[in-house]
Amino acid sequence: MGAVAFSFLQEKPEGWATVDHVNFYLKDETTNSTFSGTVFAQVKGDEKRAILVGWVNITEKDFGGAAVFVPPGWKVLEAFTSYSAPISTDPSNWIAVLGRDGGREGYSIWIGPAGYDLVECGHNICGGGAGGVFIELRPTEDGTNLTLNLAVGSRVISTSQGSVKAIFSTSSNVTVSFKK
């Protein structure tokens, strides 16, 4: 993943230029899971793309993991993780790309326990791993900004009816601009 993930930083041979970038760091206080990295806005002529390069550290207490919520008007070209945990060391088992209404309403990318099996990890310990994340997005509509909602963590919420398990309990929006 390393060679693929970092080849986008080279302006040659592809010719992409980074016009904006935003660093992010999220820490869920309930589980101590973290999600950090950088979102890059790049242009090549009239073409645009966004690249997220990150790192997730999911604790054993976390039955959710990390997520990237992509708005309508963008498509997911690539989504990789090197995340693994003791129950499965195959990174492809730990990421799920879900298109809302076939992608017309955006995408949800789940990394970690929720990307593996939300039901299983809600009942058994699945967390306790770390790894890199690489996501490439391209616009399907014209626009000058991209806002991603990034999230990590989970918690159990007590109600008068019992308890409810909530995933992605710590979140933040990150916006990059494609204006030169």
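Predicted model: local features only at pLDDT ≥ 70, side-chain atom pairs only at ≥ 80, totals over all residues.
Buried here means under 20% relative accessible area. Side chains of opposite charge can pair when their charged atoms come close.

The structure holds 5 salt bridges. One of them joins E47 to R138, with a distance of 3.8 Å from N to O. E47 belongs to strand 3, which spans residues 47–58, and R138 belongs to strand 8, which spans residues 129–139. The pair therefore ties together parts that are 91 residues apart in sequence. E47 is partly exposed. Its relative accessible area is 37%.

A salt bridge also links R49 and E136. Here the closest N and O atoms are 3.6 Å apart. R49 lies in strand 3 and E136 in strand 8, so this contact ties together parts that are 87 residues apart in sequence. R49 and E136 are both buried. For E136, the relative accessibility is 9%. The cut-off for burial is under 20%, so E136 counts as buried.

E136 has a further partner in R138. Their side chains meet in a salt bridge at 3.1 Å, N to O. Through shared partners, salt bridges join E47, R49, E136 and R138 into one network.

Key. Residues numbered from 1 in each chain as written. Heavy atoms only, no water. Salt bridge = Lys/Arg side-chain N within 4 Å of Asp/Glu carboxyl O. Helix = DSSP H or I, 4+ residues; strand = E, 2+ residues; numbered from the N terminus. Buried < 20%, exposed > 50% of the residue type's maximum accessible area, 1.4 Å probe, protein only.
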